[in-house]
Amino acid sequence: MIRLLRRVRSLRRCGTPNGRGFRKGFVGLIVAGWAAAAPLWAETPRTALRIATYNMGNFFDTVNHAGIQDLVLTPAAFAQKLDALSQVILDLRPDALALCEVENREVVEALLHTPRLAELPYRIVHYDSPDPRGIDVAVIYRADRLAYRSGEPIAAPHGYRTRDVLRVEFDELTLYALHLPSRRGNNPQAARAREAILQQVGTAVRNELAAEPQRRIVVLGDFNENASSKLLRQTLPELHPATLAPFRQGKGSYAYRDMWLMYDNLLVSQALGTPTAQIFAPTYLLTPQGRFRGYPNRAYSDHLPAHLVFETSGD
């Protein structure tokens, strides 16, 4: 760990070759290694499943909805967003994907009806949440790869108005998709809500594992907590943080002040072993030039997708 921290500090002191982009070159240097190692994935073999999470970055519609603080996109901006996000999903080819920061079911339906995705058998699980901005969590899944059982929203405790946790059960596994309250402004109420929601999810996971110890469970989404967070260890001790290893290697899903943060996480139950997640970072998902060179390209999202693959052979 000490060696890693020294390496991180060393990278942060480096300048970019052309003197532009990141002030200290940290993100750009690390991302340069990802781009060469991040292929556009072929479809997952029938003996495996790819599970992913992606914060879609303000995926709003073109309607100003009364009673919520929603962002209203122009028709041109909405069409551009659909085109961009459909490219990411086509290239990533997830069998199940947790979508964070989507306004409603209609925007997800529009995404799945784009020319790139219309022929793929994706289905949607979504419920409206009480979030003041009107954003929700959704899950899309391949109906030819996963056998859907049920879905349900889990409201935040103590009446906190935020995104519901979305529990989705398949024959093959259970997903808990979440988007925890933001860290913006260091709001202590939001911090308490993150902890309370994770405690709630942890209790649900433990109850499920008590009933079925070999159940495959994945808790995934935008945690607004790093993969190394003490809060994750305390509230979800039964689960393996699949995004921790890449985070310790200096990678992340979100860039802030020239540092990578791993806010988009996947944690898995013992039945899935101890897989290592990957960050999907093809060149087009990274800002190509300017002050924010190497950051996630906001024409797509300010986050990068995280994903893992596990074998299902023998089921």
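Select residues 96-102 and 136-142: these are strands β2 and β4, which pair in the antiparallel sense over six bridges. Strands here are DSSP runs of E, at least two residues, and helices are runs of H or I, at least four residues, both numbered from the N terminus; two strands pair if DSSP finds at least two bridges between them. The model is predicted, so local features need pLDDT of at least 70 and side-chain atom pairs count only at pLDDT 80 or more, while totals for chains, interfaces and linings use all residues. Residues are numbered from 1 along each chain as its sequence is written, and side-chain values use heavy atoms, with hydrogens and water left out.

Now pick Val102, which stands opposite Asp136 in β4. Next select helix α3, residues 75-92, which packs on the sheet and touches β1 (48-59), β2, β3, β4 and β14 (306-311). Its direction makes about 160 degrees with that of β1; contact means heavy atoms within 4.5 Å, and axes are lines fitted to C-alpha atoms, for helices over the stretch in contact, with angles from 0 to 180 degrees between N-to-C directions.

Then show Ile51, Met56, Phe59, Ile140, Leu175 and Val218, the residues with the most contacts inside the largest nonpolar core, which has 65 residues. Such a core is a set of buried (under 20% relative accessible area, 1.4 Å probe, protein chains only) Ala, Val, Leu, Ile, Met, Phe, Trp, Tyr and Cys residues joined through side-chain atoms within 4.5 Å. Its largest share, seven residues, comes from α3.

Note on methods
Buried means under 20% relative accessible area, exposed over 50%, partly exposed in between (1.4 Å probe, protein chains only).
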